[in-house]
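User: Can you walk me through this one with me? I'd like to go over the charged pairs, the packing and the confidence.

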Amino acid sequence: MKDKLIIFDTTLRDGEQSPGASMTRDEKVRIARALERLKVDVIEAGFPAASAGDFEAVQAVAEAVKDSTVCGLARALDRDIDRAGEALKHAKSSRIHTFIATSPIHMQMKLKMSPEQVIEHAVKAVKRARQYTDNVEFSPEDAGRSEEDFLCRILEAVIDAGATTLNIPDTVGYSIPADFGAMIASLRTRIPNADKAVFSVHCHNDLGLAVANSLSAVMNGARQVECTINGLGERAGNAALEEIVMAIKTRHDVFTCDTRLDTREIVTCSKLISSITGFPVQPNKAIVGANAFAHESGIHQDGVLKHRETYEIMRAEDVGWSENRMVLGKHSGRNAFKSRMTELGFEFHSESELNDAFYRFKQLADKKHEIFDEDLQALITEVNTDSEEEHFKLIALKVCSETGETPSATVTVKVGEQEFSADSEGSGAVDAGLKAIDSIVKSGASLELYSVNSLTNGTDAQGEVTVRLEKGGRVVNGLGADTDIVIASAKAYINALNKLENKGVKQHPQV
């Protein structure tokens, strides 16, 4: 019998800390349901004390999810822990994850506490969390740069206080696999009561070693890995869930543990999160990239045709690439549409909501012959965007692009209750369109990123555009999709402008 490796997904919490990757409550619930179908063991839904929106999102996920444990993050503060306990009270299975920094630089420069004070706060936090749930996780923040003797002291104390999971984070991505694995093995040996808790790891990817560090820890006794879909996360991201899970599954000759995940749901989760956050997956990304199972070399193609295992160590079907999917078209009915949307994790709350989405589906079906899952996910993202309060709304767009002539655009934008029109020229049709919009809204924002991604194959494919804007230190992502890339660009730009207009900025105190 192999040990069970617990998969702790923090896409909704740490993944959301990527600049511009904020998710609405409904989007978090959709992702949580997809993670539940993936059979993730623990879903870290957010940081309830960070904002009212985060509290409501954790509460909604806790009520929606039944087959996974729902976790809330809390600093080692009474208010944070009480807020997490309140948000999780309706969860079928809950966990509170509390943390405090333990490295000398963090204790001295950030916390301004002595080591003894840090231990006292940690123990108090765990005991308070136990009033809400018997499933309590503790993390010594910046463990990778902490003194091992001090880690042993604080971890022994929190186990005695009731912590059931000890998470060792490489907060700044500083660790090297051999050293990180050795540290996990040493802690498990040196802490007298180590057998009373599960050891976990949470690795960041600043040096591109998050997955390697996590797997090294697993080989040295860690039995929980904290990770995110697509490796999403602040700075260079976190350990990628899909890479961790498939490494364990593929190299069962090396690892003495296994996960319970239904790996056939990996690609669906990856595409859903990419669509919602506006962070496209690079084509050569392991497991979930479009080229992950593609073979260009003639030698490779010949080998695969003769015997798949010559160049493929995994089956594409095992991660959800080649499963038969229902392809919808303009003759598809409401029932088929609703059924597929349910399978993708989206539930309609009213008949009018279904009618609106189905109307948009029919409009899209008139433009392209076949509608794929990626199209449906983009459609629902658009529906959710339009349902939010919009200060700016694109009414009309006309562009002229001719060989030898300067491209121009005419746009009409609704600002509040008034409509305004403007003309502009640009280096291309997209540039002209965005300049015309900005001449109306006068946002003062700088364009940090413009990215185009084809959702499906074919010349009739929808183009998905991601626009990243920065203003006064705020960074937001805008997303737009359309079979016309110029219109998709205008939609994405308007979407980002509306997010900038929204003053309800969520703060993450742990950053």
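User: Let's start with K124: buried, partly exposed or exposed?
Analyst: In this predicted model, K124 is partly exposed, because its relative accessible area is 48%, which falls between the 20% limit for buried and the 50% limit for exposed.

User: Which residue does K124 form a salt bridge with?
Analyst: K124 pairs with D78, and the closest N and O atoms are 3.6 Å apart.

User: What network are they in?
Analyst: D78 and K124 belong to a network of salt bridges in which D82 and R128 are also linked.

User: How many salt bridges does the structure hold?
Analyst: There are 31 salt bridges in the structure. One of them joins R190 to E148, with 3.1 Å between the closest N and O atoms. Because R190 sits in helix α7 (residues 177-190) and E148 in helix α6, this pair ties together parts that are 42 residues apart in sequence. R190 is partly exposed at 42% relative accessible area, and E148 is likewise partly exposed, at 26%.

User: And what is the N to O distance for R235 and D206?
Analyst: For the salt bridge between R235 and D206, the closest N and O atoms are 2.7 Å apart. R235 lies in the loop between β9 (224-227) and α9 (241-250), while D206 lies in the loop between β8 (198-203) and α8 (210-219), so the pair ties together parts 29 residues apart in sequence.

User: Switching to packing, which residues touch the most other members of the largest nonpolar core?
Analyst: That core has 96 residues, and those touching the most other members are L38, F138, I154, L155, I168, L187 and L241. Its largest share, eight residues, comes from helix α6 (residues 148-161). Another core, of 23 residues, lies apart from it and includes A422, A436, V476 and A492.

User: What does L187 touch?
Analyst: Leaving out residues up to four places away in sequence, L187 touches E148, L151, C152, L155, I168, A194 and F199.

User: Last topic: where is pLDDT below 50?
Analyst: The mean pLDDT is 88, and 92% of the residues reach 70 or more. Over residues 295-307, however, the pLDDT is below 50, although this stretch has 14 contacts in the model beyond near neighbours in sequence. Residues 507-511 also stay under 50, with 15 contacts beyond four places in sequence. Where pLDDT is low, the predicted coordinates should not be read in detail.

Definitions and conventions: Residues are numbered from 1 along each chain as its sequence is written. This is a predicted model: local features need pLDDT of at least 70, side-chain atom pairs count only at pLDDT 80 or more; totals for chains, interfaces and linings use all residues. Side-chain values use heavy atoms; hydrogens and water are left out. pLDDT is the predictor's confidence in each residue, from 0 to 100. Contact means heavy atoms within 4.5 Å. A nonpolar core is a set of buried Ala, Val, Leu, Ile, Met, Phe, Trp, Tyr and Cys residues joined through side-chain atoms within 4.5 Å. Buried means under 20% relative accessible area, exposed over 50%, partly exposed in between (1.4 Å probe, protein chains only). Helices (H or I, at least four residues) and strands (E, at least two) are DSSP runs, numbered from the N terminus. A salt bridge is a side-chain nitrogen of Lys or Arg within 4 Å of a carboxyl oxygen of Asp or Glu.
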